[in-house]
Amino acid sequence: MAGLGGVVLFLLAILAGVAAGALRGGKARSLREARVHARLVGLLCLGVQAVVGALALRSLGIPRGVGALLLGLALVGLLGVARANGKLPGVPLFALGLLANLLVLVLNLGVPVPVDTLERAGVAVERPVPHRPDAKHVIDGPGTKLTLLGDQLAVRPLRTTVSVGDVAELAGLFLLVQWLVIGSAREEEAAHGSPKARTVPWSTWAD
């Protein structure tokens with residue numbers, strides 16, 4: 001099971017966006033004040049997506065295929081939120097990652113992952129290897145479709161695996177959070193204007 005590494009990656013992307021925005025003159029409080037459509041729905045779906053890979057549904061007597069269903073619903077919900085906020089920076093890239101992950105998930109009824117990628121990430125794998133090692137994944141095999149969109153990248157420090165779609169999501173999330181954080185700085189500039197704009201009257205330009 002991949003553990004909470006996926007959750008940590010999403011949290012790191014958000015924290016990095018907050019830090020980058022603060023360095024550019026923004027304030028973290030801008031995240032609360034930003035106008036983002038369906039914010040709560042987006043956060044809920046993002047949380048579901050992040051933790052599905054850590055669920056041990058089989059130990060609860062629930063088929064692990066339910067994890068793929070939950071992940072699919074979360075991705076669809078996030079796509080709806082992304083569409084409603086499509087003009088915000090980072091959202092198009094985030095949506096592209098969502099589409100890639102949803103496509104490979106639907107085609108394989110789970111996110112394909114090679115056994116050697118799990119091993120390189122330091123994830124313990126049952127022997128014999130089950131077709132569904134956890135709630136999110138299916139083992140990559142001869143019948144796998146769009147293998148390149150599966151979890152091909154190992155993140156050993158966090159004991160997790162990610163896909164190119166995940167990378168696009170994380171990058172888009174970073175850009176979006178950074179832009180939201182510097183919102184306060186943009187509003188202050190718009191409210192006060194530049195010194196030149198306040199001291200030079202329009203009549204000067206006509207002379």
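The model is predicted. The chain holds ten helices and four strands. In sequence order the pattern reads α-α-α-α-α-β-α-β-β-β-α-α-α-α. Of the 207 residues, 43% are buried. Take the contacts between residues at least 6 apart in sequence: 75% of them join residues at least 24 apart. The accessible surface is about 11500 Å². Carbon and sulfur atoms account for 69% of that surface.

Next, the helix pair. Two packed helices are described by the angle between their axes and the distance between the axes. Helix 1 spans residues 5–23, and helix 7 spans residues 164–181. Their axes come within 7 Å and cross at roughly 35°. The crossing of helix 1 and helix 7 is right-handed. By class, their contact has 13 nonpolar, three polar and one charged residues. The table lists the residues that meet.

| Helix | Residues in the contact |
|---|---|
| Helix 1 (residues 5–23) | Leu 9, Phe 10, Ala 13, Ile 14, Ala 16, Gly 17, Val 18, Ala 20, Gly 21, Ala 22 |
| Helix 7 (residues 164–181) | Glu 169, Leu 170, Leu 173, Phe 174, Val 177, Gln 178, Val 181 |

Last, the glycine. Gly 65 lies in helix 4, which covers residues 65–84. Is Gly 65 buried, partly exposed or exposed? Gly 65 counts as partly exposed because its relative accessibility is 31%, and that class lies between under 20% for buried and over 50% for exposed. Gly 65 and Ala 135 are 70 residues apart in sequence. In space, their C-alpha atoms are 6.5 Å apart.

Definitions and conventions
Residues numbered from 1 in each chain as written. Predicted model: local features only at pLDDT ≥ 70, side-chain atom pairs only at ≥ 80, totals over all residues. Heavy atoms only, no water. Helix = DSSP H or I, 4+ residues; strand = E, 2+ residues; numbered from the N terminus. Buried < 20%, exposed > 50% of the residue type's maximum accessible area, 1.4 Å probe, protein only. Contact = heavy atoms within 4.5 Å. Areas by Shrake-Rupley, 256 points an atom, 1.4 Å probe, with all protein chains shown as cover. Axes fitted to C-alpha atoms, helices over the stretch in contact; angles between N-to-C directions. Left-handed = near helix turned anticlockwise from the far one by under 90°. Nonpolar A, V, L, I, M, F, W, Y, C, P; charged D, E, K, R; others polar.
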